[in-house]
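Subject: Structure for you to look at

Hello,

Please find the structure below, with the sequence alongside.

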Amino acid sequence: MTSFATQPVLLKSNVFPIIEKNIIKLHSITDGNQIGSYQSLSSVSGNFLLTKDYLLFSNNEGIYFMDHYGNISDSLMVGKVVSQMILNNDTIYCFTRGEGLLAIEMDSHNIAWQVKTDWYGASIALDKNTVFANHGSLTAFNRKDGRKIWSTLNDFAATQLVKYDNYLLGYISGYSNIDIIGAANIFNGNLEMLGWKNTQAFQIKKLAELPEGTTDFESDPDAAPVFNFSHPYMDLIFGQYDNLICGFEILK
C-alpha cells in the first residue's frame, strides 16, 4: 500500500510495503510489524511489483530490486516507471519516462526489448501474445519482440488500463463533462461500449460517510467517481476512491 491513491494490488507475498515519499517500509502480512526499510535518493513511485523474492520499485533514476528485508541487490537506470510493473512468464513489462516501453528478463535483469516513444506517460495491460499501451490512445505490441501490431486514436485517459476477456477498459474523456468507462476491442482498439451501468450504485453515501471535502455526487445522478481499478479477479474489479476500497462485479 502507499500513503496516496494508487491501483489496488492483490498481494501474494509475506510482506507489504508502505511508501512515504522516498522511504519504503516493509511490514509483515501476518502481524503488521515492520521488518525492513529503505531510504531512496528521490521520491518513490507508487508503481511497485512484489514477487516471491523481491520488491521492485522505481524512483526518478530507475528500477531497484530489493529483498523482503530492505536490501538492494540490483538496479536498472532506465528512469521513472510511470505504469504498473507486470510480471508474466518471467518477463517484467513496464513503461518508463526515460526509456519508453520495456520488457525485462526477471532472471538476468536484462532488457529483452524496448520501444522508444515520445509519450509522457502510459498504462499497460497484457494478453497472451500482446502488450497493450494506453497513452491517451491505444497501441498493441507483440510480447515477443515489441513489434507494433495496431494503433488507434481515441480519448482514453492514460492513467489506467484493465483487460477483461476481449476488451480493454478505461476512462474516456470528451463525451461528457465527466470521465466515463469505455471498453475497446483488443483486436483493433475500436471503442465498442461507453457509459456506466446503474450509476446509482456509485453514490458515495451508500458506501461510506463522505470524507471531508468530497463532492456529493447525488447532485448529478449520471456522475460517478473516478476509481483506481485493480486487475480483474474472477469476475470482480476492485477500486480505490479517496478512503474507500470497493468491489465491482463485471456484468456479462
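**Strands and hairpins**

Strand β20, residues 228-229, pairs with strand β21, residues 236-241, in the antiparallel sense over 2 bridges. Before going on, please keep in mind that this is a predicted model.

Across this pairing, N228 stands opposite Q240 in β21. The hairpin of β20 and β21 has 6 residues between the strands, and M234 in this hairpin takes a positive phi near 55°.

β21 also pairs with strand β22, residues 244-249, again in the antiparallel sense, over 6 bridges. L236 has E249 in β22 as its bridge partner. In the hairpin of β21 and β22 there are 2 residues between the strands, and D242 takes a positive phi near 50°.

As background, strands of a sheet pair through backbone hydrogen bonds, and the pairing is either parallel or antiparallel.

One place to look is T91, whose bridge partner in β10 is E105.

**Aromatic rings**

A pair of aromatic rings is described by the distance of the centres and the angle of the planes. The structure holds 8 aromatic pairs. Among them is the pair of Y54 and F65: the ring centres are 5.7 Å apart and the planes are at 85°, so this pair is edge-to-face. The pair links distant parts of the chain, 11 residues apart, with Y54 in the loop between β4 (49-50) and β5 (55-58) and F65 in strand β6 (residues 63-66). Are these two residues buried or exposed? Y54 counts as partly exposed because its relative accessibility is 22%, whereas F65 is buried, with a relative accessible area of 1%.

Y171 and F229 form a stacked pair, at 5.8 Å centre to centre and with 5° between the planes. Y171 lies in strand β17 (residues 167-172) and F229 in strand β20, so this pair ties together parts that are 58 residues apart in sequence. Y171 is buried, with a relative accessible area of 1%. F229 is buried too, at 10%.

Ring pairs also link Y38, F57 and Y64 into a cluster. A charged side chain is found at another ring: R97 lies over the face of Y120, at 3.9 Å from the ring centre.

**Cysteines**

How many disulfides are there? The count comes to 0 disulfides. For reference, a disulfide is a covalent bond between the sulfur atoms of two cysteines. As for the cysteines themselves, C94 counts as buried because its relative accessibility is 0%. C246 also counts as buried, at 10% relative accessibility.

Regards

Technical notes
Residues numbered from 1 in each chain as written. Predicted model: local features only at pLDDT ≥ 70, side-chain atom pairs only at ≥ 80, totals over all residues. Heavy atoms only, no water. Disulfide = S-S within 2.5 Å. Buried < 20%, exposed > 50% of the residue type's maximum accessible area, 1.4 Å probe, protein only. Pairing = 2+ DSSP bridges. Helix = DSSP H or I, 4+ residues; strand = E, 2+ residues; numbered from the N terminus. Phe/Tyr/Trp six-rings, centres within 6.5 Å; stacked < 30°, edge-to-face > 60°. Lys NZ or Arg CZ within 6 Å of the ring centre and 35° of its normal.
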